[in-house]
Amino acid sequence: MSRLFAIALTAILAASTAAQAGDYKLGALTIRQPWSRPAQAGMNGVGFFTVVNTGKTPVTLKSAETAAAGKVEIHQSSTANGVMSMRRQDSGVVIPAGGQVAFAPGGYHLMLLSLKTAQAQGQKVPVTLLFDNGRKVQVELAVQLVPPNGQAAPAGEHHH
């Protein structure tokens, strides 16, 4: 029985290290380390990443879509006077020329509304990011417990 436990533990550890997020390119844009947290079917999930724009003009992330959820919305969390709030970003998010925007816990993020299946650690969730001028790129959100850099989420961060 202990041998079976060791094999199972090895498989779990291998899956968790294999889920490291990668980078994706779209012209002058790089989408760095997309990831998500585990979530149950029927609940909401999140999408985090950093968009780097090495181009000479700003680019707008207009929306996102995935077959894994009923709908995807771009949101921004903020805290004022000790109260956290979240607003939909219907106009999208501008990535400045020569700059970057982080989609991270406590700030901008994708809301994956009404997940169709559970997102378990080690899985990858395909999401298509849609930018202005019809540009789009498919990325895979690596489902993991902590950000790719290994640091915990900021204090006060909560699941939606």
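Predicted model: local features only at pLDDT ≥ 70, side-chain atom pairs only at ≥ 80, totals over all residues.
Helices (H or I, at least four residues) and strands (E, at least two) are DSSP runs, numbered from the N terminus. Residues are numbered from 1 along each chain as its sequence is written, and side-chain values use heavy atoms, with hydrogens and water left out.

Confidence, then. pLDDT is the predictor's confidence in each residue, from 0 to 100. The chain has a mean of 85, and 80% of its residues reach 70 or more. Residues 3–20 stay under 50, and the model has 12 contacts for them beyond four places in sequence; a contact means heavy atoms within 4.5 Å. Residues 152–160 are also below 50, with 16 contacts beyond near neighbours in sequence.

Now strand β2, which covers residues 29–36 and includes serine 36. Is serine 36 buried or exposed? Buried, because its relative accessible area is 0%; buried means under 20%, exposed over 50%, partly exposed in between, with a 1.4 Å probe and protein chains only. Leaving out residues up to four places away in sequence, serine 36 touches Val46, Gln119, Leu141, Ala142, Val143 and Gln144.

Glutamine 144 sits in the segment after β11, which spans 136–143. Glutamine 144 is buried too, at a relative accessible area of 6%. A polar atom of its side chain lies 3.0 Å from the backbone oxygen of valine 146.

On to the pairing, where two strands pair if DSSP finds at least two bridges between them. β2 and β11 run parallel, joined by 2 bridges. Tryptophan 35 has alanine 142 in β11 as its bridge partner. Strand β10, residues 124–131, runs antiparallel to β11, with 7 bridges. Proline 126 stands opposite glutamate 140 of β11. β10 and β11 make a hairpin with 4 residues between them, and in the turn asparagine 133 has a positive phi of about 60°.

Last, the core. A nonpolar core is a set of buried Ala, Val, Leu, Ile, Met, Phe, Trp, Tyr and Cys residues joined through side-chain atoms within 4.5 Å. Which residues touch the most other members of the largest one? Leu129 and Phe131, out of 28 residues. A second, separate core has 5 residues, among them Trp35, Val46, Phe48 and Met111.

Key. Polar contact = N/O pair within 3.5 Å; in protein donor to acceptor, adjacent residues only side chain to side chain.
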